[in-house]
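Try each task before you read its solution.

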Amino acid sequence: MASESAGPGDSSPADADAHARRGPGLDTSVPHTARMYDYLLGGKDNFAVDRAAVKKVLEAMPDMPQSIRLSRLFLRRAVRYAVRRGVTQFLDIGTGIPTAGNVHEVAHELAPDARIAYVDHDPIVLTHARALLSGEHRDRVTIVLADLREPEKILATPEIRDVIDFDRPVALMLVSVLHFVRDDEDPYGLVKRLWAGLAPGSMLILTHASLDPDPETGLAASAGWANASSTMNMRTYDEILRFFDGLDLVEPGLAATWNPDGEPAEILERAVRNIWGYGGVAVKPPAGAVPER
Ligand SMILES: C[S@@+](CC[C@H](N)C(=O)[O-])C[C@H]1O[C@@H](n2cnc3c(N)ncnc32)[C@H](O)[C@@H]1O
């Protein structure tokens, strides 16, 4: 499991290849977004092709790892935010290779009965997540191979429905994944179709990469994903806000640093200069209620 205090290049490449060379469906000929992200977080589950792509990203945007860590901090805070408000079911799409502070670990600290369904379209994620999810979690946590671009299929998946009761509120987590969906794949429509399947009181927990500080740099960094399993599609603040159209965004709204419960600030938040991404949370109002904005 990756430690978030490590950085890209902290593990020996040979070790990393040896460690990563396992599991079905591994394609080492193209960079995979999950493995690139793992490397950016200092993990070992990546190959030379992934590291070469990350090198290109970092040449353009050396501070991208900071933004990724901010997104992970947001994820942990948002999970605790949801649990504190009684939402203890999580549908986490675009899970990624397990790293420090996985959703089920954070949720179970506050609510041991919390139920989590992980979804990713990369088989390497399943291999690692299944190894992590021992028998003790089996009734409360599942991991499924599925694609965000097929929302109805996700909502109908029996393994997910065994763990998640869709008649009760669910926290839909789309953390650092929607920027891998191109405009022509209708990312806004996909979120709406998932949201439509959730009960009142459900939450949308979302982060997204942004090129706002410097579009030229944003595009140069995005080119690192040009030949990867998914391309990077950074969006502006307003474009990211559109994902929340018609929903009740909780305070402080869509933000670079997000801390509604006043948790102790982390050094990372004070040190960050360029904001290459934003996160926000919305709550689904009762049927028939009029949203505030
Ligand atoms: C940048 S990682 C984010 C991981 C995790 N959510 C986090 O924030 O740490 C993006 C993950 O989304 C997955 N992904 C990308 N496109 C996807 C899709 N269309 N359907 C499901 N998963 C997808 C990738 O395989 C990768 O594991």
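**Exercise 1.** Count the helices and strands of the protein.

*Solution.* Helices here are DSSP runs of H or I with at least four residues, strands are E runs of at least two, and both are numbered from the N terminus. This is a predicted model, where local features need pLDDT of at least 70, side-chain atom pairs count only at pLDDT 80 or more, and totals for chains, interfaces and linings use all residues. Residues are numbered from 1 along each chain as its sequence is written, and side-chain values use heavy atoms, with hydrogens and water left out.

**Exercise 2.** Work out the strand order of the sheet, then find its edges.

*Solution.* Start with the order: the open sheet reads S3-S2-S1-S4-S5-S7-S6, with mixed pairing. Next, look at the ends: S3 (141–145) and S6 (248–249) each have a single partner strand, so one side of each lacks a neighbour in the sheet. (Strands pair if DSSP finds at least two bridges between them.)

Now zoom in on one pair: S4 (residues 171–175) and S5 (residues 203–209) run parallel, joined over 5 bridges. Within it, Val 175 sits opposite Thr 207 of S5.

**Exercise 3.** Which strands does helix H5 touch?

*Solution.* Helix H5 (residues 103–110) packs on the sheet and touches S1 (89–93), S2 (115–120), S3 and S4. Contact means heavy atoms within 4.5 Å. Then check direction: H5 makes about 170° with S2. Angles run from 0 to 180 degrees between N-to-C directions, using lines fitted to C-alpha atoms, for helices over the stretch in contact.
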